[in-house]
Amino acid sequence: MSEHVAADVAIVGGGTAGCSTALHLRWRGATVVLLERGQCGGQASGVNYGGVRQQGRDLAELPLARRSREMWGRLAAIVGSDCEFVASGHVKLARCAADMAELEAYREAVRPYGLELELLGRNDLRTRYPYLGEAALGGSLCAEDGAANPRLVAPGFARAARAAGADIREHAPVTTIEHDGTRFRLRTAGGVEVSAATLVNVAGAWGHEIAARFGENVPEDVTAPNMCVSEPVPYFMVPNFGVCGGGFYVRQIARGNVIFGGGRGIAERERRRAYPVAATSLDASRQTIALVPRLRHAQIIRTWTGIEGVMPDDLPVIGPSRTTPGLVHAFGFSGHGFQLGPAMGAVLSELILDGATPTPIAAFDIGRFASWKR
Amino acid sequence: MESPQFRRLAESDRPRIRLVIDGRSCEALAGDTLLTALLTNGRRLRSSEFGDGPRAGFCLMGACQDCWVALDDGTRLRACTSFVAEGMRIVTRSDVDMSAPGRPERGTAARLGGKARSAKGALK
Amino acid sequence: MNDRAPVVIGAGPAGCRAAATLAAAGLAPIVLDEAPASGGQIYRRAPAGFTRHYRALYGFDAARARRLHTAFDGIQGSIDYRPDTLVWDLRRGALHCLSGGRSREVAYRDVILAPGARDRIIPFPGWTLPGIYTLGGAQIALKYQGCAIGSRIVFMGTGPLLYLVAYQYAKAGGGVAAVLDTTPFAAKRRAVPGLLSGGSTFAKGLWYVAALRARGIPVANGIRPVAAEGKDAAVAAFLYRDAAGTQRRLACDALAFGFGLSSETQLADLAEVPFAFDAVQQQFLPERDLAGRTPVRGVYLAGDGGGIAGADAAELAGERAALALLEDRGHEVGKPRLAALERALRQRAGFRAALEAAFPFPAELAAGMPDETILCRCEGVTAGEFRRAARALDADEINRAKAFSRCGMGRCQGRVCGPAAAVVLAAALDLPPERMGRLRGQPPIKPIPMAVAGTHE
């Protein structure tokens, strides 16, 4: 009693990248089946901090990030909701002279990519963000960066993709994937058989498993961003703040809750469980109070974490398979894939339908791990 | 004085405690929780952040978390599980009403096009 | 590791008996309780300086309360008792507790969870107005603080607690305006055969109703709440429909309501105890056997935190779980005592089921909640917003609905709105409530200050 489904493209993974790919493929008339083991957006796409950020990225990611930023600004038109995206600005804070130098160098390096950053000195911080503590010496502001609600984005793309005719299956773990010489054949735990000419591997922290099935072994590790949220406090903090070195990050949403993170939780990839760590939460809390002293009376009401796939060079794997025509990879976003998700749909649909994408992705080629042995 | 919510039926023979509520000098009894101290002097503990008016506690057993109050120095106390202390200064009216016009908008539901609930919410 | 002290979380009836049993076996348990004194909710001990006698505080249960307090006081020399201590996080082998502004990590090998329960409510329009409390809350005001929650009080809801609290108020001179029960009289009459197995508990229930009527207090069955009306930002009247469907209005300055109890299950969830939907209680409950063992080695569950069975059953369950822990550590335990405990627990379970049938949770009130009703009082989310958000993004279970609507994201982590929200969602999706899943526990299980100093031990 199995169901057979044939499509142009099979997508494995219902995070933002996968759901955006499904939507973009439907716009161009391809038939799509997406298989998600749990719920769309239930893993990395949904558990992250919510920063929508170009600043701070490796230069190789900037074209992709800039393309994605353009889409963030049109999210309501694309998926029917802005998913609470606010271009509140992202400020990366410097706590010593070396940090400031790093920010200055980065500003110069990203200018050719069209990204404009504003350097802020101590007085600028005092004037604009008088609530910051003494340790902040300066910073770099990217006015067009901001944050969104990660719980809404992948489900938003999933809904839009469904409305556009994509066949999106949740609670559908994939048990086998094969290629019969012509098409990919997948089977789910529930007995659904899917065949497709193209397979998109957007399986996040489990993307390496699918790659391995086709002879492409890559060293994908996992990390778990330890996240905390406070009770609502009167709204005062507009930008999304980070620090040089990336140790922790904090932002406040319009309703008043302050979301902050830093350090790692525990990710158990095989069991698909993740746990925030009490000591890490308390430590991040102390750092947040040191940065924003007026939060010292607020209360933490919830902590969480999730499983994110990490590559050793902190760059994702994106691009066609080196071994199998028709297989396309996009996984291992190393803890900073949230902002890139929408553009991944555009890029992957171009790779699939046009054979190429105008957005440079050579730096993410899976071939860079060709000499890596398990 | 504002009319009180709670009425003492027993145990009134206890030492008096002075406290200040929203700048007003008030009295309570030693052994009162902060909730009892506030509600024998009035009918509110705090303002709801989201526009439905004042709150005066609910479960009295530390489960609902609806009775967190602020002292004037910013300290947060759960009123039903904290005892009143001599000289406590409590603020029950926030100086920032999260529901006021111009305040940042409501969250998810409004974004999805749901009708905005009137700031007054419950029947008044 | 055999000599690591067992941990008991909760010092209510179950926790106290568990601690006493372990202490008697020489195990010196660590007892962690959020309250400043033992007794839990039902046998809450009065603050220092209060003078009412046990009879006035605990009524028919005075002797039980005295015995429990005395027993727990008597073991102070052989246990490590830490009151005013909140266990806010728990994982395999370690828990984190907050006391005096300081968080400590406590390693454990065995833990007995006895966290108890809270009132179960269904929102109705106006329920967040000042002056409206749970039945348990109204009882605590009287028992623990000697206060009535108002001068002219309506008691509403269903369950034995409705009558008990109303009676306690009437006896104390507390201005009871009316007792309004959502359960139709016919349902109670049908349940009598089952209730008779409860012996004196059943008799007490009848006695309270008679005593209320004798004082001229109206008692109505089969009512439906309509709304609470406010004046000057506090409750001034309660509107309801009587059994005949006629809308009535009662002036009042306070209202106490509730529909039975809900188990506190967050720590069991963090301990990764599997849950199953309990049809009688209409709640997902952590799995445990009659001995109090959960499927997780080293984690035991006793009392109302594993399913509502009342204070007497909690004492028995606390002792039984402690004996299970001792058995599992290789101690000799008397088989006759085990058998007697389990026999008594089984009997009480039967009575409890009959009570639920006599005072059913009126799920239809939740399903039919008007859109403008605030469903989540922490976040100010209305039932309408919840339904719309769930539908807008195809939420098929409660955690997604929470993520999309914010219902359950506030300080109480869904303790208050959770049971009703599950019914609202199920009705909106036209599915049974058990398909909605349950709100997952996340640390901290109650709010903790950001400015907490941390240590390990």
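This is a guided tour of a predicted model, stop by stop.

Residues are numbered from 1 along each chain as its sequence is written, while chains are lettered from A and ligands numbered from 1 in the order in which they are written. Because the model is predicted, local features need pLDDT of at least 70 and side-chain atom pairs count only at pLDDT 80 or more, whereas totals for chains, interfaces and linings use all residues.

**Stop 1: chain A, strand S2**

Select residues 32–35 of chain A, which form strand S2. Helices (H or I, at least four residues) and strands (E, at least two) are DSSP runs, numbered from the N terminus. Are the residues of S2(A) buried or exposed? Val32(A) and Leu34(A) on one side, and Val33(A) and Leu35(A) on the other, are all buried. Buried means that 20 or more other C-beta atoms, placed from the backbone, lie within 10 Å of the residue's own. In a regular strand the side chains alternate between the two faces of the sheet.

Two strands count as paired if DSSP finds at least two bridges between them. Val12(A) has Leu35(A) as its bridge partner. From S1(A) the chain crosses through helix H1 (residues 16–27) to S2(A), a right-handed β-α-β crossover. Right-handed means that, with the strands pointing away from the viewer, the path from the first strand over the helix to the second runs clockwise.

Strand S8 (residues 167–169) of chain A is also parallel to S2(A), with 3 bridges between them. Here Val33(A) stands opposite Asp167(A).

**Stop 2: chain C, the parallel sheet**

Move to chain C and select the open sheet of 5 strands in the order S9-S17-S11-S12-S13, with parallel pairing. Strands S9 (132–134) and S13 (219–220) stand at the edges with a single partner strand each, so one side of each has no neighbour in the sheet. S13(C) is joined to strand S12 (residues 176–181) of chain C by 2 bridges, and Leu180(C) has Ala220(C) as its bridge partner.

Next show helix H5 (residues 160–171) of chain C, which packs on the sheet and touches S11, S12 and S17. Contact means that the C-beta atoms of two residues, placed from the backbone, lie within 7 Å. The direction of H5(C) makes about 170° with that of S12(C). Such angles run from 0 to 180 degrees between N-to-C directions, with axes fitted to C-alpha atoms, for helices over the stretch in contact.

**Stop 3: chain C, the antiparallel sheet**

Select the open sheet of 3 strands, S14-S15-S16, whose pairing is antiparallel. Its edge strands, S14 (224–231) and S16 (247–251), each pair on one side only. Strand S15 (residues 234–241) of chain C pairs with S16(C) over 5 bridges, and Arg241(C) stands opposite Gln247(C).

**Stop 4: where chains B and C meet**

Show chains B and C together. How many residues does each chain give to the contact? Chain B gives 44 residues and chain C gives 58 residues. On the side of chain B, the residues divide into 17 nonpolar, 15 polar and 12 charged. Ala, Val, Leu, Ile, Met, Phe, Trp, Tyr, Cys and Pro count as nonpolar, Asp, Glu, Lys and Arg as charged, and the others, Gly among them, as polar.

Finish on the pairing between the chains: S1(B) and strand S10 (residues 147–148) of chain C are antiparallel, with 2 bridges. Arg7(B) has Ala148(C) as its bridge partner.

Note on methods:
A residue is buried if 20 or more other C-beta atoms lie within 10 Å of its own, exposed if 12 or fewer, and partly exposed in between; C-beta atoms are placed from the backbone.
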